[in-house]
Amino acid sequence: LYGVRELSDGRLLVNDAGSRRLLLFDRSLARLRVVADSGGGAATAYGRAPTGIIPYLGDSTLLVDRAARAFLVVDPDGRIGYANAQALESLRSVPDEIRKVRLQDLLSTAPALGQATHGTQHAEARRSDGTTFPVDFAISTFELSGNQYSIAVLTDISERLQSERLRDTFI
């Protein structure tokens, strides 16, 4: 198990990394529901169960809030609906401000709305102050309640590129 989180209503959310599932237990721990399953043949069912991933959207600290990479959830209209702490820090933004931004306006090269990337791609990301910085990014998509959402993961590669330039200068 990677994490256990008690929700405000007493239910337990469990990240079962071994079987690659997100589990939700009722207060008595007698009933269990799988709310996300990304293992094996069920990978295409992620987020498509009748109850979907709604139970943990309001309490995502178990999964991505403290991640070292920037995570953005993009709504069906292309606007950023969620940004973790790393995304807010690297983009120099705040939640209310970032929710007004479209992913296409944030990345210099982004796939069409609702399209996943094939592997990692490179782009310039635009901060709220207008400055840019180089990133590697990957985008995956999922369906929830009949709507297409995207998750973008961005990695600031500024330091890596600077190191490569220094290496090339001295070698």
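**Notebook: salt bridges and a sheet**

I started with Arg 99, which counts as partly exposed because its relative accessibility is 42%. I'm working from a predicted model, so I'm keeping that in mind. Next I looked up the partner of Arg 99: a salt bridge joins Arg 99 to Asp 96, with the closest N and O atoms 3.1 Å apart. Asp 96 itself is exposed, at a relative accessible area of 57%.

**Other salt bridges**

How many salt bridges does a search of the whole structure find? I got five. As a reminder to myself, side chains of opposite charge can pair when their charged atoms come close.

I then checked Asp 129, which forms a salt bridge with Arg 92; the closest N and O atoms are 3.2 Å apart. This pair links distant parts of the chain, 37 residues apart. Asp 129 sits in the loop between S7 and S8, while Arg 92 sits in the loop between helix H2 (85-90) and helix H3 (95-98). I noted Asp 129 as partly exposed at 46% relative accessibility, and Arg 92 as partly exposed, also with a value of 46%.

My next stop was Arg 160, which makes a salt bridge with Asp 136, the closest N and O atoms being 3.2 Å apart. Arg 160 lies in helix H5 and Asp 136 in strand S8, so this pair ties together parts that are 24 residues apart in sequence. Is Asp 136 buried or exposed? I found it buried, because its relative accessible area is 13% and the cut-off for buried is under 20%. Arg 160 counts as partly exposed, at 38%. I also found Glu 164 here: Asp 136, Arg 160 and Glu 164 are linked in a network of salt bridges.

**The sheet**

I traced five strands forming an open sheet, in the order S6-S5-S9-S8-S7, with antiparallel pairing. Why is one side of S6 and of S7 (121-126) left without a neighbour in the sheet? Both stand at the edges with a single partner strand each, so that side has nothing next to it in the sheet. From one strand to the next, I noted an average twist of 35°. Helix H5 (residues 158-170) packs on the sheet and touches S7, S8 (132-144) and S9 (147-156). The direction of H5 makes about 140° with that of S8.

Last, I looked at S5 (residues 70-74) and S6 (residues 80-83), which pair in the antiparallel sense over three bridges. Leu 72 stands opposite Ala 83 in S6, and Val 74 stands opposite Ile 80 in S6. Their hairpin has five residues between the strands, and there I spotted Gly 78 with a positive phi near 90°.

Key
Residues numbered from 1 in each chain as written. Predicted model: local features only at pLDDT ≥ 70, side-chain atom pairs only at ≥ 80, totals over all residues. Heavy atoms only, no water. Pairing = 2+ DSSP bridges. Helix = DSSP H or I, 4+ residues; strand = E, 2+ residues; numbered from the N terminus. Axes fitted to C-alpha atoms, helices over the stretch in contact; angles between N-to-C directions. Contact = heavy atoms within 4.5 Å. Salt bridge = Lys/Arg side-chain N within 4 Å of Asp/Glu carboxyl O. Buried < 20%, exposed > 50% of the residue type's maximum accessible area, 1.4 Å probe, protein only.
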